[in-house]
Amino acid sequence: MLFSGAMDGMNHSVVSEFVFLGLTNSWDIQFLLLVFSLLFYFSSIMGNLVIVFTVTLDAHLHSPMYFLLANLSVIDMVFCSITAPKMICDIFKKHKTISFLGCITQIFFSHAVGATEMVLLIAMAFDRYVAICKPLHYLTIMSPKMCLYFLVTSWIIGVIHSSVQLVFVVDLPFCGPNIFDSFYCDLPRLLRLACTNTQELEFMVTVNSGLISVGSFVVLVISYIFILFTVWKHSPGGLSKALSTLSAHVTVVVLFFGPLMFFYTWPSPTSHLDKYLAIFDAFITPFLNPVIYTFRNKDMKVAMRKLWSRLMHYRKIS
Ligand SMILES: *[C@@H]1O[C@H](CO)[C@@H](O)[C@H](O)[C@H]1NC(C)=O
């Protein structure tokens with residue numbers, strides 16, 4: 001339904017493609033950007049693939065926490081593949097374009113996957129809450145059914161969040177202006193190109209995206225404070241251990257939400273700052289997740305080492 005709407009939108013509007021200005025015209029910076037984005041893109045994909053394989057293949061890691069982590073890695077891989085490959089291919093092109101449908105698709109998936117990641121981060125916080133505050137009931141509360149329920153719910157919320165915004169956008173008239181001062185399609189910029197007053201729509205997008213990002217951030221911060229407070233009350237000595245477990249989660253949450261909240265709640269997104277923040281979210285956050293979760297986690301490191309030696313062993317035999 002969504003995409004047939006986009007088709008209709010194309011029929012009665014003049015604009016059939018949009019043009020990206022990219023980040024800069026300087027050859028040196030473009031070259032740097034190419035190296036930087038290739039490096040981070042492939043490291044993100046590799047790092048997250050390693051997590052998925054390690055968790056899937058190692059029976060010791062078949063627990064709710066690691067299943068959620070592996071799912072987060074899948075989401076990260078999808079997330080950084082929405083805008084990064086096209087941006088990398090476009091860097092040296094003089095004329096960077098994207099079709100109307102391509103633009104809507106980019107927006108749809110980045111919002112759907114982004115919101116899914118937020119809800120999944122909340123599920124991971126809940127998982128830590130149960131593990132730390134109700135350890136005896138951990139396996140009954142976080143049953144496989146519950147994990148699946150969290151997953152399905154987060155995807156449903158993501159898709160609904162994204163569709164609700166786009167349903168209004170696909171029928172807007174686009175009559176001429178088609179320049180994006182950016183390297184990918186985003187909703188606030190797309191609305192400013194429509195040939196009609198979109199103030200109400202812009203407000204709706206700010207509320208919808210702002211609410212889901214600020215809301216999830218607040219829920220996460222409160223739940224982490226609550227966990228630490230509970231630990232401190234029951235065994236003050238355990239606080240430092242809980243802190244070291246949770247610091248990875250908190251780091252990811254701050255790095256993921258910081259740029260997003262700025263992006264959707266800052267009143268005038270005309271500064272160039274948001275373009276650079278967008279790069280941060282597109283490339284660095286998906287890359288940081290594996291780094292933070294794997295290299296600081298003993299079980300994960302042991303499992304990766306075992307997997308590696310098994311791989312080497314097979315190679316010797318064959
Ligand atoms: C995602 O979570 C589900 C439910 O816990 C699990 O069965 C599945 O294996 C996970 N996906 C990955 C890639 O680990």
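**Before starting.** This is a predicted model, in which local features need pLDDT of at least 70 and side-chain atom pairs count only at pLDDT 80 or more, whereas totals for chains, interfaces and linings use all residues. Residues are numbered from 1 along each chain as its sequence is written, and side-chain values use heavy atoms, with hydrogens and water left out.

**Stop 1: the whole protein.** Display the chain as a cartoon. Followed along the sequence, their order is α-β-α-α-β-α-α-α-β-α-α-α-α-α. The radius of gyration is 22 Å, close to the 20 Å that the globule rule gives for 318 residues, so the protein is as compact as a globular protein of that length. That radius is taken over C-alpha atoms, and the rule is 2.2 Å times the number of residues to the power 0.38. Along the principal axes, the C-alpha atoms fill a box of roughly 60 × 50 × 35 Å. Of the 318 residues, 48% count as buried (under 20% relative accessible area, with a 1.4 Å probe and protein chains only).

**Stop 2: the strands.** Select residues 17–20, which form strand β1, and residues 96–99, which form β2. These two strands run antiparallel and are joined by four bridges; strands pair if DSSP finds at least two bridges between them. Which residue of β2 is the bridge partner of Phe18? The partner is Ile98.

**Stop 3: Cys80.** Move to helix α3, residues 64–90, where Cys80 lies. Is Cys80 buried or exposed? Cys80 is buried, with a relative accessible area of 1%. Beyond its neighbours within four places in sequence, Cys80 is in contact (heavy atoms within 4.5 Å) with residues including Tyr41, Ser44, Ala282 and Pro286. Select Leu61 as well: Leu61 and Cys80 are 19 residues apart along the chain, and their C-alpha atoms are separated by 25 Å.

**Stop 4: Ser213.** Finally, select helix α8, residues 199–234, and find Ser213 within this helix. Ser213 is buried, with a relative accessible area of 2%. Apart from neighbours within four places in sequence, its contacts are Met118, Phe257 and Met261.

Technical notes
Buried < 20%, exposed > 50% of the residue type's maximum accessible area, 1.4 Å probe, protein only.
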